[in-house]
Amino acid sequence: MAVITEVDSDDDLPPLVGSGSTNVQKAAPQKQEKMKSIPRQGKGVSDDESDDELPPLISSGAPVKAEIVPKVSKAPAEALQVKENQEPPRSAAHARGLGAGRKVEPIATPTPASVPAPAPVAHTPAIEAGEVPDRIVSKDDLDDATDVLDDGHFEEAELLAEEVRRQAAADRDAAREADALRVVTKAQVRAATGISEIPDIEVLEKALKAARSEAFAFEKNGESVAQAIMQLASAEIYLAMDSHAEALPMAQQALLLLQKEGASRFRIGMAYRSLVDIYYAQSRYSLVAITTEHVKQHIAKKPATRVEARELAGALLSCAKARVAATEAVQAVEAAEQACTLYESMGDARNAASAACEAAKAYNLMKGSQVQARRASSRALALARETCDSKLEAAACLCSCMASVNAQQVHDALKAAKQALALAREVRDIDMIGQVLQVLMQISGQERASGIAEEELMMAKKVGDRKREAFAQLKMAAAMAMQDRPREAIRRVTEAMEQLRQIGDLKGEAKAAYLLVELQCQAKRTMDAKRSAKDAQRLFKEIGDTKGAVNVLQYLTSVFLEAGEQHEAIQAARDQVKVFREAGFKEEEASATLGLAEMTQQTMGPRDALRLCKDAASMFNSVGDIGGEARALAQCTQLHVSLKSNSTASETAKRAEELARSSGDAKVLATTLQACAEAYTGTERFAEALDLAKEALQLVEKAPVKDEAAKASALACLASVHLQTGHHDVNHPGIRSRPRGLKEAVKVSEDALAIHRKLNDQSGEIGGVQRIFHAHLLGQDGPNALRYAREYMELAQRSPQKENLGPALVSLCQAHFLCRNYEEAERANLEARAIFEKARSRENLEICDQIMGELKQEMERSQRPTQPMGKANTTQGAGFGYNSLLPERQARSQGNGVQPGGFGVPAGGFSSSESTAAANEIKSAERKSARSNDPSAKGFSEGLRGAFTNRNSTNSTRSGAFSGFAGRGLGRGEE
C-alpha cells in the first residue's frame, strides 16, 4: 500500500478554465491537508490531484457549494451559467426553479380544439443512452422538499413545501405558490398510499377538497397558470384513488388552460408528464409513448435544472415501463437508459435503480441479449443497495434472476430468486412475492412447484395476512395447473376468490377470476369459462380497468382460435372492440379493429377485411396516430393485392410509406417498408420491392440497440422478395435476366437461419430451411433441394406442433420428384395426404392429388422403352419432373397459355410453418398473438406467398415483418 508522505501545494498552479475567481486557489491547500491522513490503496497521489475533483455519491443528494462548482466545470459557458446562478434576484430564482408562470415571457403554443389524445410528434432523442452527463446542481428550496419526499419523509417534505408556499404568497407569486401546494399535495398522497396497499380514502378526499378549493381561489383571482397547476394536483389525487375517468379530463383541462394562457414550454411539458402517468395507469401504452415524445419536445434535451430533469426522467421511466409491458424491448431499452442517465445526473440513486431494472427487463425480453441483461441487472442491484431500499433491491434481484435464467445458469438464478424472495417477504410486498414465486416455481420444475407455493401459504397463515394467504392460494393453483391438476387448481382459485371478496379486495378478486377462466379452459369446461369470463369482465369494469376486461376477451379469443371455433373467436374479437368503444379508448379501438380485420380475412374473405382496415385507418387518422395509420394502410395494401387491385395497392403502399417516414419511429418505418415490399412483389414491381426490403434491413442494422430478432425478420423479408422474383423469372423466361436472384435468396436465407438458430427460434428455423429449399427447387438443384427437404422433415418431427409434418412431407415429395425418386415421392405424398385428411384440409388434399396424378404420369413415362432423344428433348425431359410442379410453364409448353389466377402447386403445400406456428404462438403467453396466422390459414412459405397462392388467398400468409401489424386488441398481447 502506498502511503502519502508529502503533498505539494498547488498555490503556484494557474486557475482552472472558467473558475472566474481566485478564492478557489486559497481554499484548495486546506482540503489537501485533510487528505494527508487518508491514504489510498494501490497508488499514490500526484501533485495536481485533489479530492475536490471527485463528484459526490449518487445517494448523497447534498447540494454543491457555489465556490466549488466552478472548479469542476468543463467549459467557460458552464462556468458562466453557474456564476449567474450564485446571486440572482428573487424573481429570477423563481424562474430558475419551477418557472415563474406568467412572469416569464412565454413561448406561444397553438391551442388545440380539444385534447382527446396527444398527436404524435417527430422523435426527439433525450440524453443518449450510456452518456455520462454533467451533474445537475441547480436547486432551490422546493427541489429540496421534493428530494426529501422521494426519500420517504412525507411530513418533513410537507413542512418544507409549506414554507416555500408562504414565501411565494408574500412575494405575490401565484405560480410559485401553486408549485409549492402541488408538492404538499404529493406528500399527502404519498402518506395516504405508502403505508399500506389500500390507500386511505379519507385522507385523499381531504387533499382533493383542499386542491380544488385552491384552484377555485386562483381562478377567482385570474391566475390561470396557478389554477392549471392545481388541476394537475387534483388529477394526481384522482389517480391515487384509481379514479382514472376523473383524472384524465382534469389533466387535459389543465393542459388546454396552459396552452391558452401561453405558459412556458416547461409548464406545458409538465402537463404532458401528468398525462403520461394517467395513460400508464390505464395501460394505454401506445399513448404513453406518444405523450412522452411531447414531453421531450417541451423540455430541453439536456435539462439544466433539477425540476426539468425530474419531469423528463419521470416520463422516460413511465415510457420504459409501458414499452416493457407491450414487449417492445428495443424502445424500452432506449427510454430506460436515458432515464437512468438523467437520474444519476441528479444524484437520485433510487429512481436510477428503477430505470436500470426496466432496462434489464427489456434486455431479458430480447433473445441473444443475456450479457446486456446481466450488466443492467448488476447496475440496478448496485444502485438499489446504495439506497438501502429492500423493495427496490428485491426487484433488482428478480431481474438478475431472469437474466441468469435466460443465460441457462440455473444455480445463479436460484440464488438470486431466493434472495429476492427473502427481501420481498421482509417488506411484505405481495405483488413482488408473487412474481418471485412464479419464477422460482418455473425454475424448480413441476415436482417442487407445489412445495414452494405451500411454504408461502403456511407463512401467510402464520403472520395472519389474509390477502397474502389468498394470493398464496392462487400460486398453489398455478402449481397444480403445471402438474396437470386443473380440478384441484379450480378449487383453490375459488377459495381465494371468496377470501378476497370478504376482505373487499376487488383488484385481487378480478385477477383471481381471470385465472379461473384460464383454468376452466384448460379443463375443457368451456361453458363455465364463458360464465366466469363475464364475471371477470364485470369486476374489471367495476374497478375501472378497461384493459383488464379486454385481456379476458383476448384469452378467450386465443382459446377459440386454437380450438378452431372461428365464429366464437370473431365474436370475442368484436366484443373487444365494443369494450374499447364504450370506454372511449379510440386508439385501442382502432388497434382492435385492425386485428379483427385480419381474423375476418381468414373467415369472410378480403373484401370484408378491407372495409375494417379502412375503418381502423380512419380512426388512427382522427386521433393523429401516424404510426397506427401507416400500419393500417400497409395492411390495406396487402388486401388490395389479394383483390387484384394493383393500382390501388400501389397508391396505398406509397401513402403508408410516407406516413411511416413522417412518424419518426424507426420500428414502424422498418415494418411498414417490409409490408410494402411484399405488396410490390404481388404487383410484380420487384425492383421497388427489393429497394424497400434492403432499406428496412439497413434501418434494423443501424438501430442504436441491436435486435437480432428484428434483423432476422428483415432478412426473411429480403429473401422472400428474392424468391418471388426468382419464381417470376422461372415462369417468364426471356423477359429479363436476373441470374443472381436465387443465389441471393439462398445467401440471405442462410444469414437469417443462423440468427434463428442462435436465438433458439424453432419456428424461424423452420421458415429459414423452407426458404432455402424453395430457392433450390426453383433453381432445379435436386440434391440440395432434397437435402434441405430432409432437414425440414427432421425439424418438423422434433417440433411440438405436428401440423408441420404435412407441409414437410409435401416438400420431401417434391424434392424426390425432382430427383426422379418416384417411389419415395409417392410414399411421402401418401403420408402427407393422410395428415391432411385428418385435419380436413380440402385444399391441401387437392394439391396432393394433383402431385400424385403428375407423379403417376411420370412413372409411366419412365417405364416405357427408351428411345434415342435429341439434345432439345433431353433438356426438356431432364427437368420435366420439376416443370410438372409448375403448371404455368407446363401449360405454356403445351401452347395453352397461362390461365388467369392459376398459380399451381405451392412448394411445400398451403400449410407451412408460417401458418402452423400460430398454434404455438397462441399457447405461448410470452408471444404477441397468432391471430393473423391461425392454423386454418391457407398458407405455406412466407417467401412464395404472392407467387403460389390462388387468387383469393394471396395474403393468407404473411412474413414475420408484417405479423406485428396485428391489432393489439386481439390475442394475448399486452398484459
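Leaving out neighbours up to four places away in sequence, Met-230 is in contact with Ala-178, Leu-181, Ala-211, Glu-214, Ala-215 and Phe-218, where contact means heavy atoms within 4.5 Å. This is a predicted model, in which local features need pLDDT of at least 70 and side-chain atom pairs count only at pLDDT 80 or more, while totals for chains, interfaces and linings use all residues. Residues are numbered from 1 along each chain as its sequence is written, and side-chain values use heavy atoms, with hydrogens and water left out.

Back to Met-230. With Ile-237, Val-493 and Leu-519, Met-230 touches the most other members of the largest nonpolar core, which has 215 residues. A nonpolar core here is a set of buried Ala, Val, Leu, Ile, Met, Phe, Trp, Tyr and Cys residues joined through side-chain atoms within 4.5 Å. Buried means under 20% relative accessible area, exposed over 50%, and partly exposed in between, with a 1.4 Å probe and protein chains only. Which helix gives the most to this core? Helix H13, residues 306-325, does, with 12 residues. A second, separate core has 41 residues, including Leu-723, Val-769, Ile-772 and Leu-786.

Now the chain as a whole. There are 44 helices and zero strands; helices (H or I, at least four residues) and strands (E, at least two) are DSSP runs, numbered from the N terminus. Of the 975 residues, 55% are buried. Among contacts with a separation of 6 or more, 67% are between residues 24 or more positions apart.

Next, two helix pairs. The axes of H33 (residues 708-731) and H34 (residues 741-758) come within 8 Å and cross at roughly 155°. Axes are lines fitted to C-alpha atoms, for helices over the stretch in contact, and angles run from 0 to 180 degrees between N-to-C directions. H33 and H34 are therefore roughly antiparallel, on a scale where under 35 degrees is roughly parallel, over 145 roughly antiparallel, 65 to 115 roughly perpendicular and the rest oblique. Their crossing is left-handed, that is, the near helix is turned anticlockwise from the far one by less than a right angle. Leu-723, listed above in the second core, is among the H33 residues that make this contact. By class, the contact of H33 with H34 has 11 nonpolar, five polar and five charged residues. Ala, Val, Leu, Ile, Met, Phe, Trp, Tyr, Cys and Pro count as nonpolar, Asp, Glu, Lys and Arg as charged, and the others, Gly among them, as polar.

For the other pair, H10 (residues 244-260) and H11 (residues 265-281), the axes come within 9 Å and cross at roughly 165°. H10 is therefore roughly antiparallel to H11, and this crossing is left-handed. Among the contact residues are Leu-248 and Leu-255 of H10 and Ile-268 and Tyr-272 of H11. The contact of H10 with H11 divides into 12 nonpolar residues, three polar and one charged.

Last, the loops. Most residues other than glycine have a negative phi. Arg-172, in the loop between H6 (154-170) and H7 (174-194), has a positive phi near 60°. Is Arg-172 buried or exposed? Arg-172 counts as exposed because its relative accessibility is 74%. Gln-408, in the loop between H17 and H18 (410-427), also has a positive phi, about 60°, and is exposed at 65%. In H17 (residues 390-406) itself sits Ser-404, buried at 2%. Beyond four places in sequence, Ser-404 touches Arg-374, Gln-409, Asp-412 and Ala-413.
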